[in-house]
Amino acid sequence: MKTSNSAQSIVSQATFQAKLDYFFNTGLTLNLPFAIWKSPNKSSIRATLQLDHQETSIDEIESAPTGFLFHPFEKSDDHRRMFIRSEVSLDSERNEVLLSPSYTGGQDHYQKFHDTFLKLAEESNFDFRPFLATAPVFSSEKKEYVNLVNQCKSSIENGSYQKIVPSRRGIHNTERDFHPVEEFFNLAEAYENAFVSLVYIPNHGLWIGATPELLISVEDRTKFKTISLAGTQELLPKASIAQTAWMQKEIEEQALVSRYIVNCFKQIRLRDFKESGPKTVKAGNLIHLKTIFEVDMSAVGFPQLGTVMLDLLHPTSAVCGMPMKPAAKFLKENEGYDREYYSGYLGPVNDQNNTQIYVNLRCARIYKHKMVLFAGAGVTEDSDAEKEWDETELKAKTLLNILNLIEV
């Protein structure tokens, strides 16, 4: 495939957002897995792409190559843990498409990417929609969710559970001028303290989100961190976080998540950790209670702590319930739909010597002309079904307030 000098000139003069468009368009055209993301409180936007369709299995994040992890809520034959090897990258600081120095695949794979990238740079009317699946047909009635919440409450009151986190999904049309990369930039600008992502996996679709919830991070292979984040309120205009009052239900819900983390530490006989919080934090249009747990991995002699805790923590009580296995079984039998990658986890692995894995909340799957949004709420014995519905509505607004959507 030959590329013109004009294409080379267009790319050399292009802004970062334009190059990210070409990167996105190329990934879809060649049906290659890729991820675009912005970490909380960082200005840099990063993108990575894998040059073939070969699935990479990683058992430990510590020994994994640089890449991006995308994990479903529940592993199955239909939904597997996906790992995108970082073979081609683009970031806003260098504004240059780069082939990884460690890439050992065939040169023809990169040449095909390179030629397609240049060819698409000359197209001004690229349409992403033909590369995506048609949205499923389903109903999302308030009555159904309220009934599910009341069913959760009854099971909790019977003593079988401490907490269950039922979720729901809603479907929206996308406007004619909707474009995923532009919407990613809108989310990144609106929610600077969230992990904002746009991920494409062949056969698993295109996902966009802005999640506030860190699952684990490992910095310089020595500093481990996780958080408990629960309790939800809307932050009203001109309201002060310092003046926030929390009800007993939210306080107990957050305490359950914190105890879950401490119990995971106990399972591996880890006693030396630092706990900070809870304190009220802002996440988009919402506020939550947050507690931070940190471990010096060198001091405790536990170099595989990231992998071990990732396996123990997921699914957290914040997205599933307690006890975890019975709550997961309850949701599978009663929730009424497949969560796919919603409330799973995602994030860069061994990228610039850091790993950051987030719970995939405040997210949506993008289809040809529609988008399916997901939201859940933690139910305890003190829950009110109407208020839990309202909480899912507030969480959905994290995306609805920013994205170019129409209610179906």
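**View 1. Helix α6 passes helix α8 in a right-handed crossing.** In this predicted model, helix α6 (residues 248-267) packs against α8 at an angle of about 130°, and their axes are 10 Å apart. Helices are DSSP runs of H or I with at least four residues, strands are runs of E with at least two, and both are numbered from the N terminus. The axes are lines fitted to C-alpha atoms, for helices over the stretch in contact, and angles run from 0 to 180 degrees between N-to-C directions. That angle makes α6 oblique to α8, given that angles under 35 degrees count as roughly parallel, over 145 as roughly antiparallel, 65 to 115 as roughly perpendicular and the rest as oblique. A crossing is called right-handed if the near helix is turned clockwise from the far one by less than a right angle, and left-handed if anticlockwise. Tyr260, Ile261, Cys264, Phe265 and Gln267 of α6 make the contact with Met309, Leu312 and Leu313 of α8, where contact means heavy atoms within 4.5 Å. By class, the contact of α6 with α8 has 7 nonpolar, 1 polar and no charged residues; Ala, Val, Leu, Ile, Met, Phe, Trp, Tyr, Cys and Pro count as nonpolar, Asp, Glu, Lys and Arg as charged, and the others, Gly among them, as polar.

**View 2. Helix α2 packs against helix α5.** The axes of α2 (residues 16-30) and α5 (residues 180-190) are 9 Å apart and form an angle of about 130°, and the two helices are therefore oblique to each other. The crossing in which α2 passes α5 is right-handed. On the α2 side the contact is made by Phe16, Gln17, Leu20, Asp21 and Phe24, and on the α5 side by Pro180, Val181, Glu182 and Phe185. The residues of this contact of α2 with α5 divide into 6 nonpolar, 1 polar and 2 charged.

**View 3. Helices α4 and α10 pack together, with Ala385 of α10 among the contacting residues.** Helix α4 (residues 142-157) and α10 have axes 9 Å apart at an angle of about 120°, which makes α4 oblique to α10. The crossing of α4 and α10 is right-handed. From α4, Lys142, Tyr145, Val146, Val149 and Asn150 meet Ala385, Glu386, Glu388, Trp389 and Thr392 of α10, and by class this contact of α4 with α10 has 5 nonpolar, 2 polar and 3 charged residues. Ala385 is placed in helix α10 (residues 385-400) and counts as buried at 9% relative accessibility; buried means under 20% relative accessible area, exposed over 50%, and partly exposed in between, with a 1.4 Å probe and protein chains only. Leaving aside residues up to four places away in sequence, Ala385 touches Val146, Val149 and Asn150. Ala385 and Gln151 are 9.8 Å apart in space, C-alpha to C-alpha, although 234 residues apart in sequence.

**View 4. Cys320 and Cys363 belong to a structure in which a search finds 0 disulfides.** A disulfide is taken here as a pair of cysteine sulfur atoms within 2.5 Å. The cysteine sulfur closest to that of Cys320 is in Cys152, at 11 Å, which is too far for a bond. Cys363 is likewise in no disulfide, and its nearest cysteine sulfur, that of Cys320, is 16 Å away. Cys320 is buried, with a relative accessible area of 0%, and Cys363 is buried, with a relative accessible area of 1%.

View 5. Most residues other than glycine have a negative phi, and most peptide bonds are trans.

**View 6. Asn41 and Asn350 have positive phi angles.** Asn41, although not a glycine, has a phi of about 60°; Asn41 lies in the loop between β1 (34-38) and β2 (45-49) and is exposed, with a relative accessible area of 58%. Asn350, also not a glycine, has a phi of about 50°. Asn350 lies in the loop between β16 (345-349) and β17 (354-359) and counts as buried at 12% relative accessibility.

**Notes to all views.** Residues are numbered from 1 along each chain as its sequence is written, and side-chain values use heavy atoms, with hydrogens and water left out. For this predicted model, local features need pLDDT of at least 70 and side-chain atom pairs count only at pLDDT 80 or more, while totals for chains, interfaces and linings use all residues.
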